[in-house]
Protein chains: 2
Amino acid sequence: MADLLTVDDLRDAWPLLDADERVAGFEALERQEAADFFESLTARGQAQVLLGVPAPERVLWARLLGPDDAVDCLQEVPREDWAQILDALDAPTRREVNVLLAYEEDEAGGLMSPRFVRARPDMTVDEAVRYVRRQARERVVETIYYVYVLDASQRLLGVVSFRELMTAPDDRRLSEIMRTDVTTVGADVPAEEVALLVAREDLLAVPVLDPDGRMQGIVTVDDVVDVLHEEATEDIHKLGGMEALDVPYMQTRMGPMLKKRGGWLAVLFLGELLTANALSRYEHEIASAVVLTLFIPLIISSGGNAGSQAATLVIRAMALGEVKVRDWWLVVRRELVMGLALGGGLALLGFARVLLGEAAFGSFGEHAGRIAATVGLALIGVVTLGTLAGSIMPLLLERVGFDPASASAPFVATVVDVSGLVIYFSVAQVMLSGTLL
Amino acid sequence: MADLLTVDDLRDAWPLLDADERVAGFEALERQEAADFFESLTARGQAQVLLGVPAPERVLWARLLGPDDAVDCLQEVPREDWAQILDALDAPTRREVNVLLAYEEDEAGGLMSPRFVRARPDMTVDEAVRYVRRQARERVVETIYYVYVLDASQRLLGVVSFRELMTAPDDRRLSEIMRTDVTTVGADVPAEEVALLVAREDLLAVPVLDPDGRMQGIVTVDDVVDVLHEEATEDIHKLGGMEALDVPYMQTRMGPMLKKRGGWLAVLFLGELLTANALSRYEHEIASAVVLTLFIPLIISSGGNAGSQAATLVIRAMALGEVKVRDWWLVVRRELVMGLALGGGLALLGFARVLLGEAAFGSFGEHAGRIAATVGLALIGVVTLGTLAGSIMPLLLERVGFDPASASAPFVATVVDVSGLVIYFSVAQVMLSGTLL
């Protein structure tokens, strides 16, 4: 295989290969292709290559990594393999990496690169352009597209985009042309907030400051793009009722996969056990009117679907910053109207289903009208309840400090299913009392 | 309100304001602040401002839009309002906008800007730098960070990043320093594929070519960031069992919201009606052993949860390009093992629940052991089935040309619930035959 492999073949097959196959495929590439390919890999792929190749070659590839990329690589491998990667870095990069390792992976500090263009406020445009060209040539900066103007104690005074630098007269000083209303973030700002900010303001990079306003590094837009992908994947996994996978689906081994899925599945199962308790209170009604059983799955799944729609909308709107906890009343008001309308619609469908079943096959006997009304009324109640629970739960969980994306699904499902059954049988007791019950 | 409004207040309140309130808030801002704020708005917000302010002012703000932004604005407003926005643009921009309007909104052509830096291959580095500076000063290009080298018929020959331009000797020709292995896309490539490409290769912009290799424009990373946000939101909404909203949650009016949620809720409801049909086949069993009813919600919801986990994982992996339809066998093999393991785990929990209920309260009488075995075995079957259905359905739907994110949920739910009931009662018939049944 190795001899015939093109870089496109390898890229195509990559998600399905294990670590050894990846290394073998990588080593079969021609040198310059391998370098481009290495730079396009995710941190996980880069880490696998680095640990798989012989030590002298490792040095070659590790030199392609900026300090922020090297940190990402380390975070993908077990602690005992860190030394192999750290040893392959040159000394200045290793020092920078050690500083960055102090920050959390999912915060601005963990994303940032310390390699940005620094300048003094009294530098002229001409001096700055020559300085930037030199920095670019020596490949010591992550991006040359912004020049950061710092005072003697590394406090950020202003920013000049390279574009502005190129269009300003040569003899102006940076202090005269810099913008001072700079968007910045603290090192402990969560990665997804940094991503939302960069997206909203169309930035190529955002400076990261320490609490005293001293500049620590920059987060560049390419890191933000990766964060957006990862955050969306995490949220989607959580909304699907499991823990988010750390590694791509096809690369996740059975053990961790089982844990991440089985854990939530068991939590959901334990919650759903309450439905058996709820139903056991109505054994008498079920025995008298077995026909009620037929609509149990229909009614609770309608409540669950309505709840899942509402929860999904609210959770995503919260993630995008469109809805805040303090807006809860606006959300609840909307969802109450929506729940009644959706419930009313489904009630009509359920009502019609019972009457049609009776007309066509005589399935329900003389009390078909009452059964139809029971199903319809229960649907209005259950769907409205599901919609309300689905919209309130994420806000409530966020308020008390839980992750709404993870925890909403099981709570909503349990609340809706259990109280859905109670609503259904309570309606039945009223509607069918003296006839079937 | 208007007099006291700061730009931060307005930004904060923005998601909750209607169009008139937004315009009033915007008009209360000081001029330069208003310009920055306008540029940071989404296309929808920009469109609302443009349509809300008087015509002479509209010209002022419309000039801040590049042709690609103007197209995005138009796509947010009804056709009859287009003239108001088009008339506010200057003539060259209006011409560019008319060209771009020919492309689909969700394809590379609909995202691209025609304003890129073009150069001839025989230009020297020094000439190119001076040319780029002039272009940047005149604000006629979207980004100066790549120089695109074209032949006389506008075919793309190569690319020089501005960084490379800054570090090359002044007298070299672009043809000598340009990279020729350029990543490009066709105008009809879907937006999400462009986004994946830009993300993977850490590009700031990607050139868009027509079928003859002539360069049409560039898609820049800031557009890609917006696409990633929108695509993730769409997928999340679809996975939540509804049509994706086009506008933010708090801005969506009740009518469209009802349609997007009610439509899928009705489809799911109609599918779930089959559960009533399935259950009616077992009326005799239910009447003889009411205790079986208690576990109906538990068993079908476990199958549904397992199916939703599998479907979510496979759909997201497909969206990220990690899993392709031709890999179906690898996926199915994994999920079969996973389904059996997860089902086995839940079976133990279910089995234990019945026996504990019997031990503590004598809930199930002399046949508790058989009931426990029925619940356990049914859970293995239902969870395995749910896991398999959840993983196969998205691949199957993609294969036949449907959107797996939209359509998987209702199909999986219906298949799992209906066949879950059949499995449960079939197991019961075997296990309880001659005792309870």
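This is a predicted model: local features need pLDDT of at least 70, side-chain atom pairs count only at pLDDT 80 or more; totals for chains, interfaces and linings use all residues.
Local features need pLDDT of at least 70 and side-chain atom pairs count only at pLDDT 80 or more, while totals for chains, interfaces and linings use all residues. Residues are numbered from 1 along each chain as its sequence is written, chains are lettered from A in the order in which they are written, and side-chain values use heavy atoms, without hydrogens and water.

Beyond its neighbours within four places in sequence, Leu165(B) is in contact (heavy atoms within 4.5 Å) with residues including Arg133(A), Val125(B) and Ile177(B).

**Contact between the chains**

| Item, chain B and chain A | Value |
|---|---|
| Buried area (accessible area, 1.4 Å probe, lost on being put together, summed over both) | about 10,200 Å² |
| Salt bridges (side-chain nitrogen of Lys or Arg within 4 Å of a carboxyl oxygen of Asp or Glu) | six salt bridges |
| Residues from chain B | 112 residues |
| Residues from chain A | 112 residues |

Carbon and sulfur atoms account for 68% of the buried area. Arg163(B), Tyr249(B) and Arg334(B) supply 8% of the area that chain B buries against chain A, more than any other three residues. Arg261(A) forms a salt bridge with Glu335(B), with the closest N and O atoms 2.7 Å apart.

Conventions
Buried area is the accessible area (1.4 Å probe) that two parts lose on being put together, summed over both.
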